[in-house]
Amino acid sequence: MSAEFVAHVPFKTNHSNPFRFILSHIIRHPLVGILMVVGAFSNAAFAAAVPYFIGVAFNAVIAGNQQDVIVYATLGVLISQFLRGCLQLMRNFCAETFSQRIERDVRDELYASLLGKSMEFHDSQPVGEIMARVTNDVREMNLMMNPGMNMIVGSGFFLIVPLFTAPTIYPSFIILPTIFLVLYFIAQYRFIRTLNPIAQRVRSTFGDMNARLAETLDGLQVVKGAAREQQEIDAFNKSVSEVRGYFVKQGYIEARYISFLLLSLLTIGGLIQAIYLYELGLIDAGKVVAFLGLLFLYQFPVYSSLRSLSQVALGYASARRILTIINAKTDLDQNNAGRSETIQGRITFENVSFGYSDTNQSLQNISFTVEPGQTVAIVGQTGSGKSTITKLINRSYDVDSGKVLIDGVDVRDWNLASLRSQISIIEQDIFLFSRSIADNIRFGKQTATQEDVEAVARKVQAHEFIESFPEGYETVVGQRGVTLSGGQRQRLAIARAFVTNPPILILDDSTSAIDSATEDRIQQAIWAASEGRTTILITHRLSQIRWADHIVVLRRGKVVAQGKHEELLASSDSYRRIFARYEETTQPLVDAARG
Amino acid sequence: MGMFNSLNQDSYDRLYSDGYLFKRIGSYFANQKRVLWTIAGLLLFYSVLGTVFPVLIASAIQLLDDQKDRPQLVLLLGGLFIAAIIDYLCNWWRGRMITRLIGDGISQMRSDAFAAAVNRDLGFYDDNKSGKIVSRITSDTQEFGNILVIFSDIFVQIVQIVILGFVMVSRSKELSLLVLLWLPIFVALSLVFRYLSRVVGRQGSRAMAAVNDNIQESVSGISIAKNFRRENLIYEEFVSVNKQSYTINLKRGFVLALIFPVMNVLAGFGSASIIYFGAQAVVTGAINVGSWYLFIQSVERFWFPIINLASFWGQLQQGLSSAERIFALIDSTNKVNQIADVHIEKLNGKIEFKDVVFEYKEGTPVLDRFSLTIQPGESIAFVGHTGAGKSTIAKLIARFYEFQAGELLIDGQDIRTLNVQSFRSKLGMVQQSPFLFSGTIADNIRYSKPDATDAEVEAISRSIGNGEWLETLPDGLQTDVGERGAHLSMGQRQLVSLLRVLLQRPPIFVLDEATASIDPFTETQIQEALDKILAQSTSILIAHRLSTVRSADRIIVLRAGKIIEQGNHESLMEQGGHYAELYNTYFRHQSLSYIENSREMLAQNT
């Protein structure tokens with residue numbers, strides 16, 4: 001298996017553009033798709049049967065007492081409507097199956113593609129963003145099919161059927177429906193064109209107002225503390241009136257919905273034409289009634305098309321967003337032919353420069369060496385490039401210039417899978433799965449026995465608190481009120497990494513312990529984890545920094561100082577300032593370092 | 001009405017009578033009486049026209065049968081045409097007016113609700129989550145807007161039913177009876193479906209929430225899975241969750257898919273019965289052809305509005321309870337009330353607590369006869385276990401809470417007599433989790449002193465650590481901090497909130513120190529900023545850092561709302577009392593000796 005995971009998705013779809021993407025999903029379900037269309041067509045056809053039978057009954061009544069014809073017409077309505085209901089049911093079931101399957105498949109496909117994406121991709125995408133794609137956007141594609149497409153196809157037949165059945169009553173009855181349809185489509189197109197941008201503004205201004213409101217109330221103590229209530233009220237009222245502005249605009253456009261007028265005019269036109277033909281003796285009264293009944297069928301699409309059209313538009317936009325993710329390229333090559341041996345643990349940075357974008361250099365000319373088994377602390381302010389350094393080691397990103405070497409070999413010459421499987425990263429935001437603590441610990445090595453798990457937990461000072469839960473190692477994380485503190489989560493994450501016994505461990509640590517006893521345990525865990533392997537620490541803990549084998553001080557992406565604690569006290573001004581708060585006891589140390 | 005939403009009651013919710021609610025809702029439109037009357041007129045006109053249309057068409061059909069009276073037919077067609085145009089214009093005008101009315105009403109209500117929310121005590125927000133209040137201000141007002149639409153819809157439907165019913169009964173009592181006979185079946189069926197869809201909806205959404213949780217987890221866990229190369233495991237889990245979601249949704253969808261077909265079949269049967277019995281009536285001469293046609297056209301127009309009324313009723317209830325929730329927010333009361341309105345021009349910063357008693361909940365005092373005098377310019381650090389009353393003292397000084405007994409004097413003045421706004425503007429406060437508003441860093445520094453010049457802001461920012469902290473920000477002082485300051489690190493947020501106070505130069509400074517971990521470089525700069533503030537203000541420090549505790553003039557050791565020790569660090573340590581115990585629990589690991597000895601103490605050299 002190559003480094004980037006390839007999930008076995010049992011189907012292939014077209015990813016060239018949203019339309020083809022949707023289409024290729026649709027044609028995967030031919031049976032339900034066809035049944036849905038057949039159901040929609042027969043629904044419209046049987047609906048059109050009603051005016052026909054009414055016309056028949058009409059003629060029968062006018063012509064005198066023709067009981068058999070009346071019974072025939074009544075039964076005709078009865079049976080046709082019963083069939084219509086059955087077929088409509090079939091159509092709805094099919095549409096439901098169809099849309100749910102599409103949701104399932106698209107989600108599957110998207111998820112599989114996410115698993116195949118590089119770490120670089122996942123680092124750059126906020127989880128919330130991805131969640132929105134996997135849940136909401138995929139759901140939108142479902143709704144696009146049902147009710148969206150279902151309604152459009154369904155009501156579409158209501159537009160078409162009169163076009164074909166009207167001429168069977170009398171040939172020139174085709175004229176009015178045709179004219180209506182042309183005008184209707186133009187009107188609909190223009191209506192949506194004007195409505196959509198406004199509707200979007202309504203949503204976005206509403207979102208802004210909501211965000212602003214939530215922020216103000218959360219920061220109310222600051223507002224009150226600064227006595228700025230009135231300004232906040234003014235600002236809120238401004239966004240309220242902005243929302244109102246677009247809301248009213250949208251209402252105005254909706255009030256203008258011209259298709260209603262078109263429909264009334266069509267009915268009158270139809271009545272005039274029918275009466276005219278009746279006067280000429282070309283049709284009988286029953287046909288007048290039947291024709292009018294056909295025109296009434298247009299009510300359904302005119303009233304319903306509004307929602308379904310925008311539903312389809314939303315779904316299409318979602319499909320586009322999903323495709324952007326599926327089609328996102330990962331530039332790192334897997335280098336299957338590369339070196340894949342056990343890492344000894346020497347890490348060397350040689351004049352490394354790197355920027356996430358071309359304009360902004362995050363790291364400039366970074367050089368340092370870590371010997372196997374050493375612990376290095378990388379320190380610096382937020383934004384100075386600490387985390388970026390760790391991302392170059394496991395090739396989450398490739399350098400722009402210079403080299404990162406592991407055991408003297410450029411990381412780009414390593415087999416990516418081999419490289420990454422020997423480097424463990426404990427991230428700042430620790431994620432634990434909602435499964436048992438034991439399963440979380442053995443996540444990276446499923447073969448680990450219960451004894452292994454417990455041994456590791458003991459080493460990282462986690463055994464004690466795990467045992468304090470009623471269900472011990474079988475406690476499910478995040479359930480039934482079991483909440484883990486930051487320090488506990490961190491120790492579990494260290495244990496998880498520990499189990500896989502990686503030659504290189506990278507620990508991005510920004511937790512803090514409130515009390516000294518917890519702090520003791522966390523530090524013991526880190527000491528234990530770093531033993532016997534090369535460890536890179538990004539930490540705020542002065543004692544870890546103090547005792548690291550090597551300290552790299554970063555400022556604005558450059559190494560401004562490096563060495564041991566004593567050397568830095570002598571050579572680095574900003575490093576010395578950190579310890580200056582302890583001046584009464586630090587001073588001799590500084591002197592010692594200098595002397 | 002409160003009964004229906006007892007699940008999400010809040011403490012300040014009240015019950016209003018429906019009559020009062022209507023009256024109060026009405027008050028939001030009191031100054032728009034003319035608009036309201038016009039709308040009512042238009043609605044009436046519109047609903048009459050809506051029934052006129054089928055009646056006119058039926059008359060035209062009738063005239064057809066009569067074989068004479070051509071001028072009347074032309075007149076009728078002309079009438080239809082005019083009716084269509086007027087109908088459209090009416091609808092258009094009505095739509096515009098209602099939209100505007102609703103827009104204004106909602107806006108007014110939102111403004112009122114927001115002003116009320118901003119003016120509530122902070123204690124109010126201890127009991128009520130701000131998220132819920134946000135939804136009252138935005139969503140409930142939206143719901144309330146729907147009431148008006150529902151009202152106008154109900155109005156139109158009722159008028160149409162009445163007119164149509166009247167016309168039908170006048171044409172044929174027997175056929176009208178037939179139409180009515182079907183009605184209970186329709187209503188019963190629609191109620192059954194409403195119940196069913198509610199049940200499957202509830203079950204479905206519960207199951208969906210579980211599935212969504214699961215998807216959320218597997219998506220969040222992707223990077224861990226990749227880290228440990230466990231993609232296969234997590235993918236298999238996802239597939240099974242995804243399948244489960246599919247099955248649940250399909251079942252729910254199938255139930256909902258039943259509704260329209262069944263209703264349509266029923267309507268078809270109804271029409272068939274009208275066709276058959278109507279035809280018999282025409283044949284026997286009981287009614288004419290036109291009336292028969294009118295009945296055929298009208299059955300659905302008569303049935304569906306009545307079915308709709310049932311669901312409108314539910315929506316109306318919902319709208320009213322929304323209005324109730326908004327009014328409850330507007331009407332909720334504050335506990336902090338001032339008895340006078342004294343503006344202090346220049347505050348010296350003397351603070352005196354005299355036998356102050358304070359309790360959040362009755363019977364469990366947090367501060368019990370608490371007395372303390374803080375001199376102008378003095379800096380005091382409060383230490384103690386969680387719940388000892390440290391934060392409470394700060395909140396009382398800021399006048400965020402009302403105390404139950406005793407006196408709290410600011411420069412010798414009773415705090416209850418002060419104008420709260422002018423007093424607080426002389427107070428510099430930093431919360432435990434520093435809060436920034438979206439905007440630039442400069443905007444945030446300037447928050448308490450909006451008239452500060454760019455140069456002032458710049459100078460203050462550079463005075464800390466030579467402005468080194470600004471270097472790592474993409475646009476320096478103009479960097480956008482993001483919502484709630486999310487783009488900045490915790491340390492940067494803290495620094496900004498301290499600079500805010502430095503710029504303000506308040507006579508009294510209250511700091512509830514953050515416990516979050518901050519990189520040592522930023523930490524140093526925070527200490528610098530703090531030193532500067534301490535030098536210029538009377539300072540109340542709720543300290544979590546050893547260095548802050550030590551920089552105070554006086555350390556007050558609290559236990560259960562009482563002062564049990566005070567003095568400076570060295571003397572308190574020597575006493576070996578509660579402070580020494582607190583030191584060993586909270587501060588020991590922040591000391592240099594800990595740092596220096598940690599390797600020996602903690603490394604497990606095997």
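**Close-up views of a two-chain predicted model**

**View 1. The contact between chain A and chain B.** The contact draws 122 residues from chain A and 123 residues from chain B, two residues being in contact if their C-beta atoms, placed from the backbone, lie within 7 Å. On the side of chain A that touches chain B, helix H3 (residues 67-116) of chain A supplies the largest share, 23 residues. Helices (H or I, at least four residues) and strands (E, at least two) are DSSP runs, numbered from the N terminus. That side of chain A divides into 63 nonpolar, 38 polar and 21 charged residues. Here Ala, Val, Leu, Ile, Met, Phe, Trp, Tyr, Cys and Pro count as nonpolar, Asp, Glu, Lys and Arg as charged, and the others, Gly among them, as polar.

The model is predicted: local features need pLDDT of at least 70, side-chain atom pairs count only at pLDDT 80 or more, and totals for chains, interfaces and linings use all residues. Residues are numbered from 1 along each chain as its sequence is written, while chains are lettered from A and ligands numbered from 1 in the order in which they are written.

**View 2. The six-stranded sheet of chain B.** This open sheet has the strand order S6-S7-S8-S3-S9-S10, with mixed pairing; two strands pair if DSSP finds at least two bridges between them. Strand S6 (427-430) and S10 of chain B stand at the edges with a single partner strand each, so one side of each has no neighbour in the sheet. From one strand to the next, the twist averages 20°. Helix H15 (residues 490-504) of chain B packs on the sheet, touching S6 and strand S7 (508-512) of chain B, and its direction makes about 175° with that of S6(B). Axes are lines fitted to C-alpha atoms, for helices over the stretch in contact, and angles run from 0 to 180 degrees between N-to-C directions.

**View 3. Two strand pairs within the sheet of chain B.** Strands S3 (residues 379-383) and S8 (residues 538-542) of chain B run parallel and are joined by four bridges. B:Ser379 has B:Ser539 in S8(B) as its bridge partner. Strands S9 (residues 554-559) and S10 (residues 562-567) of chain B run antiparallel, with five bridges. B:Val557 is partnered by B:Glu565 in S10(B). Two residues lie between the strands of this hairpin, where B:Ala560 takes a positive phi near 50°.

**View 4. The four-stranded sheet of chain A.** The strands of this open sheet follow the order S2-S1-S4-S5, and the pairing is antiparallel. Strand S2 (363-370) and strand S5 (409-410) of chain A are the edge strands, each pairing on one side only. Five bridges link strand S1 (residues 347-354) of chain A to strand S4 (residues 401-406) of chain A. Among the residues involved, A:Phe349 has A:Val404 in S4(A) as its bridge partner. Helix H12 (residues 386-393) of chain A packs on the sheet and touches S1, S2 and S4 of chain A.

**View 5. Helix H10 (residues 390-397) of chain B.** Seven of the eight residues of H10(B) are buried, so this helix is largely enclosed by the rest of the structure. A residue is buried if 20 or more other C-beta atoms lie within 10 Å of its own, exposed if 12 or fewer, and partly exposed in between; C-beta atoms are placed from the backbone. The buried residues include B:Lys390, B:Ile393 and B:Leu396. Just after H10(B), B:Arg399 takes a positive phi of about 60°.
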